[in-house]
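Dear colleague,

Please find below the structure that I am handing over to you. My notes on what was found in it follow directly after.

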Amino acid sequence: MGRTLVNKQAIVATLKQELSEATMVAVINYQGLTVAEITDLRRRIRPKGGLCTVTKNTLMGKAIEGDANWQALEPLLQGSSAFLLLKDDIGGSIKAYHEFQKASKKTELHGGVMEGKILTGADVKAIGDLPSKEQLMAQVAGALNSVTAKIAIGVKEIPASIARSLQAHVDKE
């Protein structure tokens, strides 16, 4: 038995809600994956703030209709599509997908959409290769700590240098 109109409308409403919370959507071909493998993918990206949903392309098309942020997703709605709705840690979610892809060797990344712009599979992979937010914060903190340490050493060295000069002058006399 097919889905009723009410059921389809509920799915579209849910998709719209999930899209409103997402920062990026990646589209993958899930053909050949078992239910256990899809579940494994979902478990891998969920801790990173991602969501994997499998829905008909026509329902996703209805969900993005009229939304400028996601309208660019239209050309990617072909074939057996699963959608990775990425919210918090985009890079971490993409890395989790790539780890899954290496393990299963069954999926293919079609592309994605971020901020209304369509991304190729290579673009999405490049985003996944960027350092995580925590790594960037650690790098900035390390750089700031290095600068403040050098300033503190420099400020401490001025009076010590003056004291050594005075002591050398006193010892000379």
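Helices (H or I, at least four residues) and strands (E, at least two) are DSSP runs, numbered from the N terminus. The model is a predicted one, in which local features need pLDDT of at least 70, side-chain atom pairs count only at pLDDT 80 or more, and totals for chains, interfaces and linings use all residues. Residues are numbered from 1 along each chain as its sequence is written, and side-chain values use heavy atoms, with hydrogens and water left out.

Asn29 is found in strand β1 and is buried, with a relative accessible area of 17%; buried means under 20% relative accessible area, exposed over 50%, and partly exposed in between (1.4 Å probe, protein chains only). Not counting residues up to four places away in sequence, Asn29 touches Ser80, Lys106, Thr107, Glu108 and His110, where contact means heavy atoms within 4.5 Å. From Asn29 to Leu166 the C-alpha to C-alpha separation is 77 Å, and the two are 137 residues apart in sequence.

The protein chain is assigned domain 1 (5-130) and domain 2 (132-172); such bounds come from an automatic or database domain assignment. The C-alpha centres of domain 1 and domain 2 are 49 Å apart.

Next, the nonpolar cores. A nonpolar core is a set of buried Ala, Val, Leu, Ile, Met, Phe, Trp, Tyr and Cys residues joined through side-chain atoms within 4.5 Å. The largest has 20 residues, of which Met24, Ile28, Leu41, Leu84 and Ile94 touch the most other members. At least two residues of this core come from each of β1 (24-29), α2 (35-45), β3 (81-86), α4 and α5 (121-129), and α4 gives the most, with five. Another core, of 19 residues, lies apart from it and includes Ala22, Val27, Met60 and Leu77. Leaving aside neighbours within four places in sequence, Leu41 is in contact with Ile28, Cys52, Leu84, Tyr97 and Phe100.

Helix α3 (residues 57-64) is largely enclosed by the rest of the structure, because six of its eight residues are buried. Those buried residues are Asn57, Leu59, Met60, Gly61, Ala63 and Ile64, and they pack against α1 (5-21) and β3. Just after α3, Gly66 takes a positive phi of about 80°.

Two further backbone positions deserve mention. Most residues other than glycine have a negative phi. Lys105, in the loop between α4 and β4 (108-114), has a positive phi near 55° and is exposed at 68% relative accessible area. Glu115, in the loop between β4 and β5 (117-120), has a positive phi of about 55° and is exposed at 62% relative accessibility.

Finally, the largest pocket holds about 270 Å³ of space. On a 1 Å grid over the protein atoms alone, a pocket is an open set of points where a 1.4 Å probe fits, with protein on both sides within 12 Å along at least five of seven lines, and lining residues have an atom within 4 Å of a point. Of its twelve lining residues, Asp89, Ile90, Gly91, Pro131 and Lys133 are the closest to the centre. Domain 1 and domain 2 both give residues to the lining, so the pocket lies between them. Helix α6 gives the most to this lining, with three residues.

With kind regards

Methods
Grid points are joined across faces, edges and corners, and a volume is the space filled by probe spheres set on the points.
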